[in-house]
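Please consider the arrangement of domains in the structure shown here, with particular attention to one interface.

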Amino acid sequence: MPHPTASSLGSSTHQVSLPLSSSCRAHSSSASSNRGTSTASPPRSSPGGEMGDVGFSNLGLSGNTLRAIHEVFGFNELTKAQAQVLPELLGSEQRQSDFMVHARAGTGKTLSYLIPAVEHVLRRPPPGVGVLILAPSRELVLQITKDAEMLCTYHPLQVVPLIGGVRRDKDESMLRRRRPAIVVATLGKLVEHFESTSRFETLFEGLGLLVLDECDQLLSEQADILRSLLGYVPRQGLRQSLLLSATIPSEVKDLAARLCRPGYQLLDCVGEGVATQDGVEQLYAVCPGLFLLTALKNAIEQEVQANPMGHKVIVFFPTARLAGFLAHLFREQLKMRIYELHARCGASSRMVTQQEFQQCSSGILFTSGASERGMDYPNVSLVVQVLAPDSRQQYIHRVGRTARGGKEGRSVLLLLDREVDFLQHVSDLPLSKHPLEAELLHDERDHLAIAVSSAIWPPGSPLHAAATGAFASILQHYQLQQRCVSLGSSEAAVDAASEVMMGLGASEPPSISQQLAEELGLQHCTNLRKIAPHANEIRAGGAVETVQCRKMASARSGGNRSAPTQRRPLAQGSTLRMLRMGGPRR
Ligand SMILES: Nc1ncnc2c1ncn2[C@@H]1O[C@H](COP(=O)(O)OP(=O)(O)OP(=O)(O)O)[C@@H](O)[C@H]1O
């Protein structure tokens with residue numbers, strides 16, 4: 001299929017911004033969402049003070065939409081953000097205007113666009129798909145689909161998700177069978193269909209509404225692919241666009257202005273106010289790399305002890321490989337049950353984990369980018385961020401996974417001592433030093449240091465391979481992604497990554513391939529061990545673990561890879577224990 005010319009993103013329009021009152025703070029219902037359960041619940045009463053005073057019944061919605069809001073979601077009143085946004089969006093079709101919505105995380109943006117979307121297709125039944133909703137991750141697409149289906153419970157409208165990891169022929173048969181009015185998709189999967197599936201574009205000829213959820217991420221990180229997509233769907237003038245996010249930096253406003261029709265409106269529920277939701281206590285602790293694991297374990301432990309039956313913890317890592325390695329380490333070495341969800345998990349396991357973590361009353365999830373935006377896990381009591389986030393926006397979205405819907409929660413940021421620069425980027429947020437920082441760094445009789453000693457994850461073991469991949473991914477993170485922390489030099493990035501790995505129990509920093517070192521601009525770093533390319537190389541999670549490397553490692557450990565105690569660190573004290581001597585002990 002020929003590639004149509006890209007349209008709207010390239011054209012320029014002028015922007016008319018109509019900021020609303022900035023008095024709209026992030027208050028919403030304390031009622032928990034029905035996500036994660038399929039049963040309808042009775043209407044919930046709204047908590048005084050948390051909600052706006054507008055009822056859904058005042059919006060002039062169709063009877064079946066209203067019934068679903070009351071009976072399936074159990075909501076009566078709009079959140080304050082919804083009260084600002086929904087009347088504008090519902091009345092906008094006649095005015096032919098596009099909208100950008102800026103409202104804090106957890107304030108109900110999803111229903112703010114789903115309700116107008118459903119009313120739109122009811123008023124103007126499309127020949128094919130009438131509403132296309134784009135979101136940056138598979139998990140978010142599935143969550144939005146579920147909400148859309150709940151909202152359509154009493155309407156004969158079908159919703160279909162299109163995400164990576166599902167075969168295209170399966171998508172095609174679902175589209176043929178269900179004939180959806182609403183499609184929710186990740187950009188990559190959608191463009192793949194437009195490029196490869198016969199007559200796919202005809203489905204979208206009657207598209208009247210395009211929604212970009214987490215628009216700043218789609219516009220900045222997926223701009224090229226978004227531009228391709230816009231070549232396939234009806235032009236700007238023929239459809240309405242709604243763009244939403246909890247973070248809309250000014251450069252994104254400029255990009256968005258090109259996607260929207262001239263005269264688009266900005267509905268700003270945050271204004272000059274604090275960018276994070278009211279109910280979240282935000283703390284940070286500064287840890288030497290060698291104590292990172294201790295701080296993480298203690299932060300989780302404190303939460304479990306405070307809330308044995310209802311602790312729900314999300315731990316964010318900067319990379320999928322680090323999340324995977326730590327999940328493995330916690331399970332094997334610390335015997336803790338950990339949910340794991342990141343880009344390196346298979347598609348079906350991601351779906352299962354998402355559902356399980358949504359439904360559990362207590363649990364600990366180790367994750368990375370896949371969960372940081374839009375995900376609505378009910379009752380998350382603690383969010384931990386390990387290492388400095390890449391950006392202010394990332395920090396805000398991650399914090400937004402707790403204290404949603406007017407509830408309360410805590411967030412703890414674990415920064416390396418080299419990363420304190422990050423705090424400048426969030427100096428306007430109510431983030432304070434953890435009052436129990438010293439306790440977080442305390443490892444009773446080096447219990448943890450011993451437990452994670454690398455002697456019991458010898459070269460050749462899955463944990464060793466995962467550690468090698470995690471190390472490479474941290475280097476990649478510092479060299480290519482981290483925009484808020486300047487470590488000063490490539491050597492300092494290697495030192496930071498090495499320290500983290502030693503803190504996680506490695507007896508020495510892993511090595512990476514010469515090729516990867518060159519790709520990351522680290523080939524001249526004398527503090528980095530590099531392995532020359534080898535014919536028998538084995539890809540081990542992004543780093544290259546060669547047969548030669550394994551032989552070397554095996555030789556170092558006495559030639560017997562299956563004998564974990566060659567270096568007897570448990571008897572003599574682990575490398576980590578020894579390295580920590582003189583560190584913050586208590
Ligand atoms: N009117 C309402 N009354 C009570 N609860 C609501 C209402 N609207 C939404 N909620 C609930 O509030 C929670 C957060 O809503 P939602 O996921 O739409 O937030 P969001 O603003 O999209 O957040 P994010 O920026 O993280 O994507 C959900 O559990 C949702 O079901």
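The following paragraphs describe the domains and then the contact between two of them.

The model is predicted: local features need pLDDT of at least 70, side-chain atom pairs count only at pLDDT 80 or more, and totals for chains, interfaces and linings use all residues. Residues are numbered from 1 along each chain as its sequence is written, and side-chain values use heavy atoms, with hydrogens and water left out.

The protein chain is divided into domain 1 (25-268), domain 2 (280-441) and domain 3 (454-580), with bounds from an automatic or database domain assignment. Between the C-alpha centres of domain 1 and domain 2 the separation is 28 Å.

The size of an interface is often given as the accessible area lost when the parts come together. Domain 1 and domain 2 bury about 2000 Å² between them, 51% of it on carbon and sulfur atoms; buried area is the accessible area (1.4 Å probe) that two parts lose on being put together, summed over both. In contact (heavy atoms within 4.5 Å) are 27 residues of domain 1 and 23 residues of domain 2.

Three salt bridges are found across the interface of domain 1 and domain 2, a salt bridge being a side-chain nitrogen of Lys or Arg within 4 Å of a carboxyl oxygen of Asp or Glu. Arg-373 forms a salt bridge with Asp-216, with 2.8 Å between the closest N and O atoms. Helix H5 (138-151) and helix H8 (215-221) are the elements that give two or more residues to the side of domain 1 that touches domain 2; helices are DSSP runs (H or I, at least four residues), numbered from the N terminus. The largest share of that side, five residues, comes from H5.
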